[in-house]
Amino acid sequence: MGKLEDKYVLEVWDSFLPDDMWEHLLEFNDIIPWQDRDGGFLYSDTTGYEFFNTYCVNRINERHEDNHKIHRSYRNGMTTHTEAANHYDMHNIADRTAIFYGHPEWDTEQWGGETTVGEPIHTWIKAVPNRLVLLSAKHNRHYGYAPQPTCDTLRITYVWKLITI
């Protein structure tokens with residue numbers, strides 16, 4: 001596990017995936033089927049895909065000082081009427097959560113869809129395509145906002161629950 005002072009980690013990387021990996025990830029937006037979840041969420045389990053479990057986790061490890069292995073991965077889709085919960089990730093195994101914005105385009109000034117991290121002071125993270133947020137989700141409360149009514153596309157996040165090794 002990471003050092004004690006790292007337990008509140010919050011890191012944000014733009015242009016996280018190189019162009020070839022980014023294009024490959026965007027193909028999954030059309031290939032992997034969605035499931036409806038409570039609150040209007042769309043959901044897909046990506047744990048069985050080598051791209052997410054190996055290549056993306058290796059990329060996270062390249063960018064972050066700790067090494068991680070995968071616990072599970074999935075993606076969420078949010079529409080303008082989706083309700084999310086402000087929450088901690090209370091899993092007992094994984095100690096880091098990576099959130100990746102996987103929509104191909106996003107108007108950050110008009111469409112909303114931000115993620116807030118922290119409490120009582122919030123850090124607002126815009127839903128920029130190809131941006132990755134890495135946090136200690138057991139220690140950082142976080143919330144994903146639905147897109148504004150002016151948005152006509154799906155807010156897509158790919159999520160990795162990671163174990164620091």
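Which residue in β10 does Phe100 stand opposite? Phe100 stands opposite Tyr158. The model shown is predicted: local features need pLDDT of at least 70, side-chain atom pairs count only at pLDDT 80 or more, and totals for chains, interfaces and linings use all residues. Residues are numbered from 1 along each chain as its sequence is written, and side-chain values use heavy atoms, with hydrogens and water left out.

**View 1. Strand β5 and its partners.** Helices (H or I, at least four residues) and strands (E, at least two) are DSSP runs, numbered from the N terminus. Two strands pair if DSSP finds at least two bridges between them. β5 and β10 run antiparallel and are joined by six bridges. β5 also pairs with β8 in the antiparallel sense, over four bridges, and there Leu132 is the bridge partner of Phe100. Arg96, Ala98 and Phe100 point one way from β5, while Thr97, Ile99 and Tyr101 point the other way. Six of the six residues of β5 are buried (under 20% relative accessible area; exposed is over 50% and partly exposed in between, with a 1.4 Å probe and protein chains only).

**View 2. The largest nonpolar core.** A nonpolar core is a set of buried Ala, Val, Leu, Ile, Met, Phe, Trp, Tyr and Cys residues joined through side-chain atoms within 4.5 Å. The largest one has 24 residues, of which Leu25, Phe52, Phe100, Leu132, Tyr158 and Trp160 touch the most other members. At least two residues of this core come from each of α1 (19-31), α2 (50-63), β5 (96-101), β8 (132-135) and β10 (155-164). A second, separate core of 11 residues includes Ile99, Tyr101, Val133 and Ala137.

**View 3. The surroundings of Trp160.** Contact means heavy atoms within 4.5 Å. Leaving aside neighbours within four places in sequence, Trp160 has contacts that include Phe52, Cys56, Ile70, Arg96, Phe100 and Leu132.

**View 4. Two residues with positive phi.** Ser15 is not a glycine, yet its phi is about 45°. Ser15 is found in the loop between β1 (10-13) and α1, and counts as exposed because its relative accessibility is 56%. Asn130, also a residue other than glycine, has a positive phi near 65°. Asn130 lies in the loop between β7 (123-125) and β8, and its relative accessibility is 8%, so Asn130 counts as buried.
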